[in-house]
Amino acid sequence: MAIKSTPRVRVPAQAKSGEIVEIKTLISHEMESGQRKDASGKTVPRDIINTFQASFNGKPFFTAEWFPSISANPFQSFFYKAKESGAFTFSWKDDQGGEQTATAKLTVA
């Protein structure tokens with residue numbers, strides 16, 4: 001199943017040079033662990049978002065590998081030290097080959 005939802009990201013629009021900003025991301029995904037059975041008794045195939053990556057101006061700075069124990073609709077929060085203006089790119093990849101991306105800009109004054 002491809003990731004169909006639109007991810008939500010919260011990044012401050014502006015920051016001072018050297019300021020540490022909090023970044024928050026959320027994406028809707030059922031995160032099927034592969035251990036549940038359907039009504040007929042067959043195992044429902046695993047389908048989770050297994051990789052999340054954040055980049056700034058094309059350079060990755062945060063990567064997370066997720067496993068079946070991660071909750072549905074995963075929320076990820078982390079910090080970034082603002083040094084220059086630019087654009088963040090966030091990427092989520094799931095077991096079925098689906099990928100979703102989002103971008104946000106940060107202006108450093």
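Does S55 count as buried or exposed at its relative accessibility? S55 counts as buried, at 10% relative accessibility. Buried means under 20% relative accessible area, exposed over 50%, and partly exposed in between, with a 1.4 Å probe and protein chains only.

This is a predicted model: local features need pLDDT of at least 70, side-chain atom pairs count only at pLDDT 80 or more, and totals for chains, interfaces and linings use all residues. Residues are numbered from 1 along each chain as its sequence is written, and side-chain values use heavy atoms, with hydrogens and water left out.

S55 sits in strand β4. Helices (H or I, at least four residues) and strands (E, at least two) are DSSP runs, numbered from the N terminus. Not counting residues up to four places away in sequence, S55 touches P60, F61, A87, F88 and T89. Contact means heavy atoms within 4.5 Å.

F88 has its own list of contacts. Leaving aside neighbours within four places in sequence, F88 meets V11, I23, S55, F56, F61, Y80, A102, T103, A104 and L106. F88 also belongs to the largest nonpolar core, which has 24 residues. There, F52, F88, F90 and W92 touch the most other members. The elements β3, β4, β6, β7 and β8 each give two or more residues to this core. A nonpolar core is a set of buried Ala, Val, Leu, Ile, Met, Phe, Trp, Tyr and Cys residues joined through side-chain atoms within 4.5 Å.

**Strands and pairing**

An open sheet of 3 strands runs in the order β1-β3-β6, with antiparallel pairing. β1 (8-10) and β6 (75-81) are at the edges with a single partner strand each, so one side of each has no neighbour in the sheet. From one strand to the next, the twist averages 15°. Axes are lines fitted to C-alpha atoms, for helices over the stretch in contact, and angles run from 0 to 180 degrees between N-to-C directions.

β3 (residues 20-26) and β6 pair over 7 bridges in the antiparallel sense. Two strands pair if DSSP finds at least two bridges between them. L26 stands opposite F75 in β6.

β8 pairs with β7 in the antiparallel sense over 8 bridges. F90 has A102 in β8 as its bridge partner. The hairpin of β7 and β8 has 4 residues between the strands, and G97 there takes a positive phi near 90°. β8 also pairs with β2 (residues 14-15), in the parallel sense over 2 bridges. Here the bridge partner of Q14 is T107 in β8.

In a regular strand the side chains alternate between the two faces of the sheet. The covered face of β8 holds Q100, A102, A104, L106 and V108, while E99, T101, T103, K105 and T107 make up the uncovered one.

**Salt bridges**

How many salt bridges does a search of the whole structure find? The search finds 2. A salt bridge is a side-chain nitrogen of Lys or Arg within 4 Å of a carboxyl oxygen of Asp or Glu.

| Salt bridge | N to O |
|---|---|
| E32 and R36 | 2.8 Å |
| R46 and D95 | 2.6 Å |

R46 lies in the loop between β3 and β4 (49-56), and D95 in the loop between β7 (86-94) and β8 (99-108), so the pair ties together parts 49 residues apart in sequence. R46 is partly exposed at 33% relative accessibility. D95 is partly exposed too, at 28%. E32 is buried, with a relative accessible area of 12%, whereas R36 is partly exposed at 47%.
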